[in-house]
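The following note sets out several points for a colleague reviewing the model shown below.

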Amino acid sequence: MMNTSHALDHWFSKDLTCIKLQYQTNKRGHNHVKDNLLDISIAFFCFLIFQIFLISKKPHPSFLTNWPFLGMLPGLILEIPRVYDFITEVLEHGNLNYLFKGPFLGGLDMLFTVDPANIHHIMSSNFSNYPKGAEFKKLFDVLGDGIFNVDSELWKDLRKSAQSMMMNPEFQSFSIATSLSKLEKGLVPLLDHVAKEKLVVDLEDIFQRFTFDTTFVLATGYDPGCLSVGMPEIEFARALDDAEEAIFYRHVKPEMVWKMQRLFGLGDELKLKRAHNILDRACFKCISSKRDEISRGTNNIGSKDLLTSYLNVDTTKYKLLNPNDDRFLRDTVLSFMLAGRDTTGSALTWFFWLLCKNEEAITKILQEINKNISPRTKTDDYGSFNPQELKKLVYLHGAICEALRLYPPVPFQHKSPTKTDVLPSGHKVDAGSKILFCLYSLGRMKSVWGEDALEFKPERWITENGTSVHEPSYKFLSFNAGPRTCLGKEVAMMQMKTVAVKIIQNYNIKGTNKKPHRLCPTNWPFLGVIPGLLVEIHRVYDFITEILEVTNLTYYKGPCYVGLDMLVTVDPSTRAMHFILDRHFLINKKPHRLCPTNWPFLGMIPGLLVEIHRVYDFITEILEVTNLTYFCKGPCYAGLDMLVTVDPSNIHHIMSSNFSNYPKGPEFKKLFDVLGDGIFNADSELWKDLRKSAQSMMLHPEFQRFSLATSMSKLEKGLVPLLDHVAKEKLVVNLEDVFQRFTFDTTCVLATGYDPGCLSVEMPEIEFARALDDAEEAIFFRHVKPEILWKMESFIGLGDEKKMTKARATFDRVCSKYIASKRDEVITNMDSPPPASQDLLTSYMNLETTKYKLLDPSDDRFLRDTILTFMLAGRDTTGSGLTWLFWLLLKFPEAMAKIRQEIKTVLSPKTKTDDDSDSDSFNPQELKKLVYLHGAICEALRLYPPVPFQHKSPTKTDVLPSGHKVEANSKILFCLYSLGRMKTVWGEDALEFKPERWVSESGKSVHEPSYKFLSFNAGPRTCLGKEVALTQMKSVAVKIIQNYEIKMVEGQKIEPAPSVILHTKHGLKVTVTKTCLV
């Protein structure tokens, strides 16, 4: 094909040259001019043909042709009837990303992506750069300034107020009561009527009516009565449908087109205009009525609908909320109604359609209901079942999640960056450009969900021990992700399970044959069904009732091996006997034999102390058999009760979704008091200022270059000479000590500008480094000792606390010395221009304090806390990561061989004329190409995370996604060491070292969400030094693997030492031989 192109180029060039010569020779002849113009026209026509030939070349047949002026829009319009499946095919062949080119000046250029790494980056890591923005608000203008449209401070106020209202236990109870009431008084009578009259009904319409009524009640307190036997037409509901359809077509029409339609009142825009008026009228009517009720005192005092709550909102807590403005209230309740009706209604529709296609799933759900749901009597509060028992229905939960994966209610999301950015996939996105997540496609990507991605398999959501599997939000995006995670998730899941149980228990749903049709998703912002889900409904218990009337007690035998044998009874005494027996056999049993005994007064501390030498593996074993979460009971009044969890859903909830409720808090600061008010200990506004300033400095290109230059210099002038000396003298060296010295020196340079010279042939003892080790050990034992005990040790000066006191004095003295020297240096160089690269201490001394209210660079204590925190993090985490990486590579030489081969294949050797250093053997900019090395490092960090545990504490009582209630100020512990070993999280090979799990089939790096891979923290506190650390680790690894052969001294037992940083207990002793990568 390339030869053809060259030939055409040659022909075209030659032809133009001939024409030009001929024109110059005969330009005086009129007839010749005509001939030459004809020749030029022919040549130009050939040029166009050539260009079209090139344009039509596409990477894959499913990709759209990019036509001149029209872009790819013609092809997309042709695929509109199946647009979701078409986009899925394109993204599957485009490595999860596809750049769509719209018409010239049409404003429709956009990047389609379903890459979880991109989603994580946009929705959480770089959240502030991707607001909803003016473009989103323009498309969804019908929602006004509701929570879905707004950004910045208004969004924060709306989010905070909605969270306060919706997470309130009274609202939760109101929500359950509303759903159950509508079930019993609306859904059941309607389904009974349909079954009795043997009618064909559109199940989607029924679910939309059910969710419309319940959402209307929750939002306004009024029941529109949409769900009834009469199936009335509700103007408001119809208006919502019209508005959604118009919004969808705004996404595929050039802005100029739909704005012209709006101006002249044509097509979808005419419908939207009418819908806008109806929505305004209905909302303002509800608001007016609610105001009248409140003013007359006739409003129900216990009413917990959102409209009442907003009318009574405490405006002193929310600066930008104005409950006196009817427009504000209209936008708020309309946003809630749009989300509540359509998302849950859509999900229920597709859920039952999938069940109709997979009858074995219905059987399993029914079996689960019969096993776990206790029958209720007519005197019970909730009718036929207790909604609190729905959490036991793991298979039903999996089936609902599977339906949401395959048919997400919101099939796409639109984002736009405020600043130019580069996504993890490598795509550059300019400020104001469009990015589209296709959630429908995300759930079908084989590279994300496996080869069975297109199959309906509820089992994929259930672990081997029968608990629910958590999938991170950047892979399962149905409830959004990051700070904008859906507040109504639990309400929606509870409502769907309630409806599902009620219907599956009492009715048999069958697709109708009277009006055969093929179901297709609607092209709306919400994933509806074309042409509706037409079904026949039959009651299940009609014949059972007849039997029970004459027998009172019947034993039913189910099919062989299906597990549906059951005792059907209406005898209250029989039910009571079963309850008593169950209670007798369940009481006083430990969850598992591995769990420590909870002794009177002493709690579980004796069993924990016995296992302290292998505490990480012990906790891992317990969490594996207790469904990822375990409550550890400490001694009475010792303050050591804590919930230990590695459940990714809990981690996501704590670190992101409900981040504001889980600050570091006074308890954390007490344990880590040596760090003062550094960024690790701080919360609230101080933390925001510290985070913002550190981010500004560390992400600056000049600091990045300074960091890289520091690492490369220390490699060449420190690490290489030391390893050469060890190899030459045939010494045994502690590799962990070498790495700690390397990272200590580089971190000190980056933090203070001074090189302590810890890494040298002499291996000097550095007081500051020793003090860091002692402080870390003391902090660890504070986590397992009662507070009164370690405080007594601190007071008297004993044990680890004595070491801590000495370490603190060392930190203060050394940091004061650095700060004083730096102040003198800054004063001396005051009249000189600032250097291009600055260490953090210099940067903080020159800080523009007008940008940060709470930072005071004139205070030496502030500077001490800041640089000490950075040195603790920078030295120990990277040093630990390198130690465990090389230990694993020494255990698995085949991985070392693959890295050597990758280095040889990928990296370009540097010559003496290269920019950085004459002796550098590789270009550090090429490190990103080393995919297998990156995978090996991530695998080492998964199995041996430098920070093996994290401590959290809620400010308010909360219920975690796992169902565990945590009281205010209680202790929660994440064990990162255990998280990386959970088979329910990482698969059956979780304990194996497999760098391949981080490499995709196409040879790219695999991204795992931070709530599963927590080594660099998660949410708003994600590690700012992640890229610096990874680059440093790769540089060291490449330098050593290129130039040396490392062998481990035999007879060593390598195991983790109990500490807040995961060091080895006895070091990693090796011999070094100088070699060459040929």
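1. The model is predicted. Helix H8, residues 169–197, lies across S3, S8 and S11, and the angle between H8 and S11 is about 95°.

2. The three strands form an open sheet, in the order S3-S11-S8, with antiparallel pairing. Strand S3 (200–202) and strand S8 (507–511) each have a single partner strand and stand at the edges, so one side of each is left without a neighbour in the sheet. From one strand to the next, the twist averages 45°.

3. Which residue of S11 stands opposite valine 201? It is valine 535. The antiparallel pairing of S3 with strand S11, which spans residues 534–539, extends over three bridges. As a general point, strands of a sheet pair through backbone hydrogen bonds.

4. Turning to side-chain packing, the largest nonpolar core comprises 253 residues. Phe351, Phe352 and Phe768 are those with the most contacts inside this core. Helix H33 (residues 860–891) supplies the largest share of the core, namely 15 residues.

5. When neighbours within four places in sequence are left aside, phenylalanine 351 is in contact with Ile365, Leu396, Ala399, Ile400, Ala403 and Ala500.

6. Another core, of 52 residues, lies apart from the largest one. Met165, Leu218, Leu240 and Val333 are among the residues of this other core. In soluble globular proteins, nonpolar side chains tend to be buried together.

Definitions and conventions:
Residues are numbered from 1 along each chain as its sequence is written. This is a predicted model: local features need pLDDT of at least 70, side-chain atom pairs count only at pLDDT 80 or more; totals for chains, interfaces and linings use all residues. Side-chain values use heavy atoms; hydrogens and water are left out. Two strands pair if DSSP finds at least two bridges between them. Helices (H or I, at least four residues) and strands (E, at least two) are DSSP runs, numbered from the N terminus. Axes are lines fitted to C-alpha atoms, for helices over the stretch in contact, and angles run from 0 to 180 degrees between N-to-C directions. Contact means heavy atoms within 4.5 Å. A nonpolar core is a set of buried Ala, Val, Leu, Ile, Met, Phe, Trp, Tyr and Cys residues joined through side-chain atoms within 4.5 Å. Buried means under 20% relative accessible area, exposed over 50%, partly exposed in between (1.4 Å probe, protein chains only).
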